[in-house]
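Hi,

Here is the structure I said I'd pass on. Have a look at it first, and my notes on pockets and salt bridges follow below.

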Amino acid sequence: MRNHLILLTVLAALLLISTSAQAVEFGPNSANITNRYFPAKIGGWSYMLGIGTSVGSVFYLNAVGIEEVSGARIGAQNFNNVKCLKVNVIETEETDSGDFYNVWMAQDTQGNLWFLKFYDVFNDETTVLGGTDLKSMFMPYVPDVGDPAGIIMPETATTYCRVVEADISIDTNFGNYNSCIKSHCVYDLSLESVDYYCPNVGWVRQVDMDDGIPEDVRDLKEYGTASVTNTKAVVIPLGD
């Protein structure tokens, strides 16, 4: 009986440690995104260009400011007044005007990156982390196989993004990268896209899939910060 009680006590202590370890905290510098696999700061920008059959498609990201977000949830935790880096996103295809988004991202005290809010400008739709459509972190501080990495909505048990390979090298049309991760985003268990993220650079390639066959490919062409003078920054003003 005594041994049984000791075992229960140990298990309870381990559970408490596990629970506290899983708690998420956002500090005063949560808008300072230093995650190696998706670094970002005000004035930072990146430009992905379609190649092959995707010539004419582009993907821009531009970090424009810091704003607070409230109403986000991670598990049982509620978060208000979290300082976030606001990023404007434009995605265009050769034959249409594309999609426009605003994303508010924050980094927790462990270095994990979260998208706390997502706004679809064209459809005037707002998604907040912890709702029915968005539940997982965007990028772990040290991503490994099986971890979430990327975003796809509505997120469910059969619609998600996960790391499938880690510590790999990739050669794109515009650069060579090492120690990268490869993520699969699936929709209803059907492969939707394959994405590659690399240290100190971020997102370097996106491959859209159609029935398991690569359809559209975008590679990182240029990236920089507001202080870069030898490369023209692409600034996309989307909303307030």
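**Salt bridges and pockets**

Glu67 is partly exposed, with a relative accessible area of 30% (buried means under 20%, exposed over 50%, partly exposed in between, with a 1.4 Å probe and protein chains only). Before going on, a word on the source: this is a predicted model, in which local features need pLDDT of at least 70, side-chain atom pairs count only at pLDDT 80 or more, and totals for chains, interfaces and linings use all residues. Residues are numbered from 1 along each chain as its sequence is written, and side-chain values use heavy atoms, with hydrogens and water left out.

Back to Glu67: its salt-bridge partner is Lys86, with the closest N and O atoms 3.8 Å apart (a salt bridge is a side-chain nitrogen of Lys or Arg within 4 Å of a carboxyl oxygen of Asp or Glu). Lys86 sits in strand β5 (residues 82-93) and Glu67 in strand β2, so the pair ties together parts that are 19 residues apart in sequence (strands are DSSP runs of E, at least two residues, numbered from the N terminus). Lys86 is buried, at 3% relative accessibility.

The whole structure has five salt bridges. Two of them link β12 and β13:

- Arg205 and Asp219 meet at 2.6 Å, N to O. Arg205 is in strand β12 and Asp219 in strand β13, so this pair ties together parts 14 residues apart in sequence. Arg205 is buried at 16%, and Asp219 is buried at 0%.
- Arg218 and Asp208 meet at 3.4 Å, N to O. With Arg218 in strand β13 and Asp208 in strand β12, the parts tied together are 10 residues apart in sequence. Arg218 is buried at 0% and Asp208 at 16%. Shared partners join Glu91, Asp208 and Arg218 into one salt-bridge network.

Now the pockets (on a 1 Å grid over the protein atoms alone, a pocket is an open set of points where a 1.4 Å probe fits, with protein on both sides within 12 Å along at least five of seven lines; lining residues have an atom within 4 Å of a point). The largest has a volume of about 860 Å³ and is lined by 34 residues, with Glu91 among those nearest its centre. Its lining divides into 19 nonpolar, four polar and 11 charged residues.

The second largest pocket comes to about 410 Å³. Its lining has 24 residues, with Pro39, Ala40, Gly44, Trp45 and Val201 nearest the centre, and both β12 and β13 supply at least two residues.

Cheers

Technical notes
Grid points are joined across faces, edges and corners, and a volume is the space filled by probe spheres set on the points. Ala, Val, Leu, Ile, Met, Phe, Trp, Tyr, Cys and Pro count as nonpolar, Asp, Glu, Lys and Arg as charged, and the others, Gly among them, as polar. Helices (H or I, at least four residues) and strands (E, at least two) are DSSP runs, numbered from the N terminus.
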